[in-house]
Every structure is written in C-alpha cells, then in structure tokens.
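Trainee: I'm new to this one, so please walk me through it.
Mentor: Happy to; have a look first, then ask away.

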Amino acid sequence: MAEPVVRIPEAKVALSTASVYPESTATAFEVAARLGYDGVEVMVWTDPVSQDIEALRRLSDYHQVPILAVHAPCLLITQRVWSTDPWVKLQRARAAAEKLGASTVVVHPPFRWQRQYARDFVSGIWRMADETDVRFAVENMYPWRYKDREMLAYAPEWDVTKDDYRHFTVDLSHTATARTDTLAMVDRMGDRLGHVHLADGRGSAKDEHLVPGRGTQPCAELLERLAYSGYDGHVVIEVNTRRAMSSAEREADLAEALAFTRLHLAAASRDRDRGTRA
C-alpha cells in the first residue's frame, strides 16, 4: 500500500475574530467558513455580537464553524465589557465557553494597576480551572516601550512562565515585541502549552501581529515542533489586517496564514510518521 503524501495534523487551526477588524465578528465566521478554517476563537470586545452567546451560537450553526475558544475581554478597550470586575469577566467567559462548546478561555495577566486582582490572580485562576473542564490558558505579554524607556505593565509577570499556571497560551507577536526567545519560552511551558496564537513580528515596540512568515519569529519551526510532538491543542491565526485596502486583500492575507500553518503542521506530521515506521 502506498504511503500517504501527508498526515492530517491533530491540531485544529482557528481564526481569531480579531483578525478581520475593523470588520465584524459576524464577518469572521463567514470568512472562516469560506476559507476552510476548522473553527474560530471569539475575541470578546466592543462588538455587541461578540458579547452575545445566542448570537454567537446562531452564527456558528449557520456557517457550520465551531467556536473553539473564547478570549476574555482583557484589553484596555474592553475594561467595561461584561462588567468592570475582572473576575466576573472570567466567570462570564467560562460560562460562554461551556455553553458554546469551546474548550479554552484565553486570559491575559492583570495590568499592574489592578492590584488586588494581580495579587490573587495565580491562585484565582487555579481555583476557576478546578471548577470546569474548560482550560484557562494564560497568555504571555510584553513590556511596554517608548523610545528608550520600558514600563512593566503586567503583573505578576508579562512572562507568564515565571508563575505557576495549569495551561499557557503562547503568542508569537508578543514574543517578538518582548524580544524574547520564543522556542525557549515554549520549552519552559512544556506540556502545559495548551493554546497558540500564531502571528509574526519584527521586534518592534508595537504589537504587530503580522501574517506568519513576514517577520522574524520562528513560526514554521514552532508549528513543526508542535506537530512532531503530537500537540493536540488549537493554533489560532491572530493577525492584524487593518491596513488591507479591501475585503479581498484581507481575505488573501488570512488564506495565506492558513496555508502557511497547515503546510508546516502537515510536513512535520509526515516526518513523524516516517520516523515511526523507520
């Protein structure tokens, strides 16, 4: 019997709804379905549809695109979305994930000025994780920089591997902005790496979220490593397409990101199978 050309990788590739901004959450489902993504990660933010569980369920059903993850409203622009209490935000994100069938809630570490929240964050995340089958995957961030000045905006740490969490999200645009060694961070995460935000960056002080392959991050190497190790979490394309001159150009960027991701996951899966048969 002839050997298969490639092996379908176990990791599902999802589109973050943030990747179509300034277009809507509804548009993200439409694009994900048209391009053949395995699902979406819902970024909960100021778009009312992103905050509405029933509206999200209807979009998922209509487009036949599952919701694989929910990104809790942790950004500066979402400070009043789903409450001003950060723990209420996480409770609502967990409830949304449970009702929508998503396996993961992505959460950022607190801002440093959220003192009480930051003080209790690590133990609080463990407590919430013990109450559900949904993964709380805490995402690496970065220092804020302006010219030659650096501000540590997150607590307990922007480098989440310095604290004890059950699951991590690694974001490759954030590793670029932090100017840290991505693969070394992934090594520190080990088998607690539960979620990937795939994007690229060039080490700018700005969080660039470039299409994978357009920056300096080891996007291909990470994907190949994940596939070779049998990683079965989600890989989420979270890129910035705001400068796209048209919907067609935006969609072309998202198609390129999907092709890049599937190519490198499949290549490593094929190599792993050959090694197993050898």
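Trainee: Let's start with K12. What is its relative accessible area?
Mentor: K12 has a relative accessible area of 40%, so it is partly exposed. The scale runs like this: buried is under 20%, exposed is over 50%, and partly exposed is in between, with a 1.4 Å probe and protein chains only. Before we go on, this is a predicted model, where local features need pLDDT of at least 70, side-chain atom pairs count only at pLDDT 80 or more, and totals for chains, interfaces and linings use all residues. Residues are numbered from 1 along each chain as its sequence is written, and side-chain values use heavy atoms, with hydrogens and water left out.

Trainee: Thanks! Where is K12, and what does it touch?
Mentor: K12 is in strand 1; helices (H or I, at least four residues) and strands (E, at least two) are DSSP runs, numbered from the N terminus. Setting aside neighbours within four places in sequence, K12 has contacts (heavy atoms within 4.5 Å) with D38, L68, G233, H234 and V235. K12 and Y37 are 25 residues apart in sequence, while their C-alpha atoms are 8.3 Å apart in space.

Trainee: What comes between strand 1 and helix 1?
Mentor: A loop, and P22 is in it. The peptide bond from Y21 to P22 is cis, with omega near 15 degrees. Another cis bond runs from A155 to P156, with omega near 0 degrees. P156 is in the loop between strand 7 (149-151) and strand 8 (167-171).

Trainee: And helix 1? Which of its residues are buried?
Mentor: In helix 1 (residues 25-35), the buried ones are T25, T27, A28, F29, V31 and A32. After helix 1 comes G36, with a positive phi near 90 degrees.

Trainee: Which residue has a positive phi of about 100 degrees although it is not a glycine?
Mentor: That's S83, in the loop between strand 3 (67-71) and helix 3. S83 is partly exposed, because its relative accessible area is 26%. R179 also isn't a glycine, and its phi is positive too, near 60 degrees. R179 sits in the loop between helix 5 and helix 6 (182-189), and it counts as exposed because its relative accessibility is 53%.

Trainee: New topic: aromatics. How many aromatic pairs are there?
Mentor: The count is 12, where rings of Phe, Tyr and Trp (its six-membered ring) pair if their centres lie within 6.5 Å; planes under 30 degrees apart are stacked, over 60 edge-to-face and the rest tilted. W87 and Y117 are an edge-to-face pair, because their planes are at 85 degrees, with ring centres 5.0 Å apart. That pair joins distant parts of the chain: W87 in helix 3 (residues 86-100) and Y117 in helix 4 (residues 115-129), 30 residues apart.

Trainee: Are W87 and Y117 buried or exposed?
Mentor: W87 is buried at 17% relative accessibility, and Y117 is buried at 8%.

Trainee: Last one: which residues are closest to the centre of the largest pocket?
Mentor: The largest pocket has a volume of about 1,100 Å³. Its lining has 37 residues, and the closest to its centre are D207, E208, H209, N240 and R242. A pocket here is an open set of points on a 1 Å grid over the protein atoms alone where a 1.4 Å probe fits, with protein on both sides within 12 Å along at least five of seven lines; lining residues have an atom within 4 Å of a point.

Trainee: What touches D207 and H209?
Mentor: H174 does; besides D207 and H209, it touches E139, N140, M141 and Y142, leaving out residues up to four places away in sequence. H174 is in helix 5 (residues 172-178) and is buried, at 3% relative accessibility. Its side chain reaches the backbone oxygen of N140 at 2.7 Å.

Key: Points joined across faces, edges and corners; volume = space filled by probe spheres on them. Polar contact = N/O pair within 3.5 Å; in protein donor to acceptor, adjacent residues only side chain to side chain.
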